[in-house]
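The sequence and structure come before the details.

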Amino acid sequence: MKLSSRIAVPVAALALTGLTATACAPQTSDTSSTKDEKSGTLRVWLFQEVNNKPKEEVVDAAVAAFGKEHEGTKVEIEYIPVETRAQRIKAAFNDPKSAPDLIEYGNTDTAGYVKDGGLADVTKEFDAWDEAKDTDPTARQSVTVDGKIYGAPLFVGVRALYYRTDVFEELGIDAPKSQAELISTAKKVHKAKPELYGLAVGGAYTYGAMPFLWANGGELAEESGGTYKSAVNSPAARKGIEAYTSLFGDDNCPAAKCASMGGNATVTAFASGKAAMAIGGDFSHQAVEAGTVKGKYAVVPLPGVEAGSIAPAFAGGNNIGVLKSSPRRTLAVDLMKSFTGKETQAKLFDAMGFLPTYKDVLADSAKKQPFIEPFVKTLGAGAKFVPASPGWAQIDSSLILPTMFQEIVSGRKDVAAASDDAAKKMDAAFSSAG
């Protein structure tokens, strides 16, 4: 992929360019900077979005605001592909001369990047920041490892239940209010309309399955003394796994078609009119609006076990962090605040639909765009996060949980055997990560 070269420019004339990918780097060494220069050029890596122009405009405004308070300072922005972030960021941790001062990173990468020694501990600055007191607790957790804070949340994303209002009205049914009712409703719809999945589910849709596990009192892992141990084979977790996998079959979503589906595939099935329900994120709204179901759907929080309750959702999203190697730490922290402050997050919501991580800004956003209300309610009910262990990256990339679900829905293993095997693999990942 050919990308333009970097150009350092004054804040008033921000450059938005790319950078070629870097090969895998050796083991990370300590690259902490002993400098804290008060002028110079700050380099920033942000993720390239599918439609990046609106994001660029918001970033321009944040940099301009920063520039008014830091005359003479330059800012250089590079938008990098998400797909190559792992190699590039790891390489940056090892090579301070070519490393940026700040990076945007996925919140599930926090623990791994902390272990690699790349992110600066900004606990003192974050706690002293007035706006930070309004940060949603789950968003704060996503930048926290062993009680210390390594960045600031940029946006959060959660999932809820999309359903076809026209189908439900035709069949005379209401949106489900409990997990049992969700499962029975899915099967009722499919029986009445065999051409539709009642609820589109996917064996590779880890973040769609997690709410079932959590709603039944299960956990992915338990932490003790900084060490994690898998809990996916606990009785409560198994109950949630059984609930989710019960949705695979000829009475709802045939395993032959649905076992390999991920989150995007389930949302696509719904948007194209092939499913009566799907578990999708606030970030799925544009795709659904562009589909054949536009004007014929609604969204409610995914129900929990008890009627009227909300199942805990996974809180995804991105953060902004300062690198340990930055020779301009104070400036970098100030720019981090400009990128992740309330004003910028409100603009990012308007431009990109990214959910703000501040409770008050999130509430204001819901008033402006009613479609996000179910997601705001879901977040407010208590979203959850993955284990804050560097081992999670290995668990995720090794497809341990999708393999577990697929073994169950294919009939190769029962819930007990599959969850035991998954727990062993997770524990090995936790152990190897330290």
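Strand S6, residues 148–149, contains Ile 149. In this predicted model, the residue has a relative accessible area of 1%. Ile 149 is therefore buried, as that value falls under 20%.

Leaving aside residues up to four places away in sequence, Ile 149 is in contact with Ala 120, Asp 121, Val 122, Thr 123, Phe 126, Asp 127, Arg 140, Val 143 and Thr 144. Ala 298 lies 149 residues from Ile 149 along the chain, and the C-alpha atoms of the two are separated by 37 Å.

## Helices H1 and H14

Helix H1 spans residues 53–69 and helix H14 spans residues 342–352; their axes come within 9 Å and cross at roughly 165°. Because angles over 145 degrees count as roughly antiparallel, H1 is roughly antiparallel to H14. The crossing of H1 past H14 is right-handed.

On the H1 side, the contact involves Pro 54, Lys 55, Val 58, Ala 61 and Ala 62. These meet Thr 344, Lys 347, Leu 348, Ala 351 and Met 352 of H14. Sorted by class, the contact between H1 and H14 comprises seven nonpolar residues, one polar residue and two charged residues.

## Confidence

The average pLDDT of the protein chain is 90, and 93% of the residues score at least 70. Over residues 1–27, pLDDT stays under 50. For this stretch the model has 62 contacts beyond four places in sequence.

Technical notes: Residues are numbered from 1 along each chain as its sequence is written. This is a predicted model: local features need pLDDT of at least 70, side-chain atom pairs count only at pLDDT 80 or more; totals for chains, interfaces and linings use all residues. Side-chain values use heavy atoms; hydrogens and water are left out. Axes are lines fitted to C-alpha atoms, for helices over the stretch in contact, and angles run from 0 to 180 degrees between N-to-C directions. Helices (H or I, at least four residues) and strands (E, at least two) are DSSP runs, numbered from the N terminus. Angles under 35 degrees count as roughly parallel, over 145 as roughly antiparallel, 65 to 115 as roughly perpendicular and the rest as oblique. A crossing is left-handed if the near helix is turned anticlockwise from the far one by less than a right angle, and right-handed if clockwise. Contact means heavy atoms within 4.5 Å. Ala, Val, Leu, Ile, Met, Phe, Trp, Tyr, Cys and Pro count as nonpolar, Asp, Glu, Lys and Arg as charged, and the others, Gly among them, as polar. Buried means under 20% relative accessible area, exposed over 50%, partly exposed in between (1.4 Å probe, protein chains only). pLDDT is the predictor's confidence in each residue, from 0 to 100.
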